[in-house]
Amino acid sequence: MEPIIHVKDLNHVYPNGTHALRGVSLTVYPGEFVAIIGQNGSGKTTFVKHLNGLLRATSGEVWVDGLNINEHTVSEMARHVGYCFQNPDHQIFCDSVEKEVAYGPKNLGLSDTQIEGRIQESLKAVGLRDLRKVHPRDLSKGQRQRVAVASVLSMHPAVLNIDEPTTGQDYQDGIDMLNLIDRLNQAGHTILFITHDMPMVARYARRVVVFREGEILLDGSTREVFREIEKLRSTFLIPPQITMLAYQHRDFYPETILSTAEMVDQTLMHLNRHLRKPW
Amino acid sequence: MSEIVNVENLTFQYKRGLQPALKGISFSVNEGEFIGVTGPAGAGKTTLLSCLNGIIPHYYSGNLHGNVIVDGITIAQSDFRHLANHIGTVFEDPDFQMVSISVEEEVAFGPENLGIPSEEIEARIQTSLEKTRISHLRDRAISTLSGGQKQRVAISAVLSMLPKVLLLDDPTSELDPIGTHEVFSAIKELNTQIGMTIIIVSQDIERLVENADRIFLLSGGELVLSGTPRQVCMQNEILERVGGRTPQVAEFAISLFSSLGRSLTEKQLPLNVADASILIQELFDEVEVG
């Protein structure tokens, strides 16, 4: 399979001299679900902004969906890569949900019928069909975030980059948002999401990339990365409680544990195996 | 222990609200307590803080019933300008709160406006910065600070008014893990070292359970649960019903014991990884002996 994202030796130096990315290389295949974690200032957002041309490489190569980013504008790339900002209010600017979602397709020069089709399917995907006439101002933050996702989806991008989808939301809204992203992933979109929420990473991501000081510190399956407790600690990241608990008893739990359900199952298995009479 | 906050049968409906944001809430808080307030979006958490610091009814009008007393002052009948000497508030987004260019100016801002003599202001700046461990940032421009540093500047700026009660409205939701750790340690230290009364709204149940003396769970404008972290976590079904959760280790222990057909006492309920680790070891030891 051809990679959908191919970044080679990417460096980015901001005008103030900050060397934000130092030789980052990453290959992502279609359909992957990748969490990008690390402290603020570690290069996560700088990195994903290179994938649609919002930032340009100081040196190195960036290929997305078969296109060399340097040869294309941000608006050309919007058909291939969607970027949802951390704060939906930095992104939303129209006075109704449907106008916001129609904005991109209109700029592509699609016909009215095609645009209507895109509005309907995008709002259906994020569960906002009933609110298409509403002013985004009158929606909750969780709903505004869905509008932001819909307005990106309406461009039919192969890749979705979502910056901190659960920040500032309560637990249930966070879960709902990740479930939505998960459905989009199953529908074929490649997902990259930036987050500080380790339980959400454990629950949803299949692959984790850890940034530290402008470099990739770790890159692997979620189970592999959450096994590297010491390396994660070096950048002040701690896996979820249940993963840490299992790790402390790793003689009994040889595999990385990612959820309480897994932990309960493994513990029961272990107790039953060592009992003469099962509980 | 003396009571510093007393809320009696508090109901409030915003002018344009369709229903009350708070419904018949009553509780009291003793001096030096650390209270964690949690609950889903729209539960009334921020409204409750606004009733404690006087933003309601002094800035937001609406239909207010019941009584709120903080540090001996009846909030609704008080002079809003003087409340900052009794109760300080730190908001979610530090940038929203800052009015100055430098850290020093920000921390001096409150006392300066009260016309306090400059030697006294200097002493307050020093103490406030020390208490949040940011004395080394005194001359820095706020715009150059990290989120965790900014939030500690916001706390210092409130401390310089010498309040008795510190309110914090989800102060770490915009921060990275380092910033979250910095802010929670600073708050905990204020609580344990100088006995500052803390009331903090947060979605971070693990941190609340670790730090708070009591947890209040709000949902739909009502106080649906209150008690020690253990008491609240034992009610995991109620927490989950309103869209919240218990710390993973507590959820694990409750689920494991129920699968084993055993009862789990409140004292056995683990609230952190170390507690849970001991519990597991005990179970495994039991199996080897049996």
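**View 1. Strands 1 and 2 of chain B within an antiparallel sheet.** Strand 1 (residues 3-14) of chain B is joined to strand 2 of chain B by six bridges in the antiparallel sense, where strands are DSSP runs of E of at least two residues, helices are runs of H or I of at least four residues, and both are numbered from the N terminus. Two strands are taken to pair if DSSP finds at least two bridges between them. Across this pairing, B:V5 has B:V29 in strand 2 of chain B as its bridge partner. The model is predicted, and local features need pLDDT of at least 70, side-chain atom pairs count only at pLDDT 80 or more, and totals for chains, interfaces and linings use all residues. Residues are numbered from 1 along each chain as its sequence is written, while chains are lettered from A and ligands numbered from 1 in the order in which they are written. The open sheet has four strands in the order 2-1-4-5 (chain B), with antiparallel pairing. Strand 2 (22-30) and strand 5 (73-74) of chain B stand at its edges with a single partner strand each, so one side of each lacks a neighbour in the sheet.

**View 2. Strand 7 of chain B between two parallel partners.** Strand 7 of chain B pairs in the parallel sense with strand 6 (residues 87-90) of chain B over four bridges, and five bridges join strand 7 of chain B to strand 8 (residues 197-201) of chain B, again running parallel. The bridge partner of B:V90 in strand 7 of chain B is B:L168, whereas B:L166 stands opposite B:I198 in strand 8 of chain B. In a regular strand the side chains alternate between the two faces of the sheet. Here both faces are covered, with B:V165, B:L167 and B:D169 buried on one side and B:L166 and B:L168 buried on the other. A residue is called buried if 20 or more other C-beta atoms, placed from the backbone, lie within 10 Å of its own, exposed if 12 or fewer do, and partly exposed in between. Because five of the five residues of strand 7 (residues 165-169) of chain B are buried, the strand is largely enclosed by the rest of the structure.

**View 3. The surroundings of B:L52.** B:L52 lies in helix 1 (residues 45-53) of chain B and is buried, with 23 other C-beta atoms within 10 Å. Leaving aside neighbours within four places in sequence, B:L52 is in contact with B:V5, B:V68, B:V70, B:I87, B:L167 and B:I199, a contact being two residues whose C-beta atoms, placed from the backbone, lie within 7 Å. B:L52 and B:T89 are 37 residues apart in sequence, and their C-alpha atoms are 9.6 Å apart in space.

**View 4. Helix 7 of chain B and the chain around it.** Helix 7 (residues 147-159) of chain B has 13 residues and reaches 18 Å from its first C-alpha to its last, close to the 18 Å expected at 1.5 Å a residue, the expected span being 1.5 Å times one less than the number of residues. This helix is mostly covered, as 13 of its 13 residues are buried. Of the 290 residues of chain B, 48% count as buried. Among the contacts in chain B with a separation of 6 or more, 66% are between residues 24 or more positions apart. Along its principal axes, the C-alpha trace of chain B spans about 75 × 45 × 35 Å.

View 5. Chain A is divided into domain 1 (5-236) and domain 2 (240-279), the bounds coming from an automatic or database domain assignment. The centres of these two domains of chain A, taken over C-alpha atoms, are 34 Å apart. Nine residues of domain 1 of chain A are in contact with seven residues of domain 2 of chain A. On the side of domain 1 of chain A that touches domain 2 of chain A, the largest share, four residues, comes from helix 7 of chain A. In chain B the assignment gives domain 1 (3-228) and domain 2 (247-290), with 36 Å between their centres, taken over C-alpha atoms.

**View 6. The contact between chains A and B.** Chain A brings 31 residues to this contact and chain B brings 33 residues. Helix 6 (171-186), helix 10 (241-248) and helix 11 (260-274) of chain A each supply at least two residues of the side of chain A that touches chain B, and helix 11 of chain A gives the most, with seven residues.
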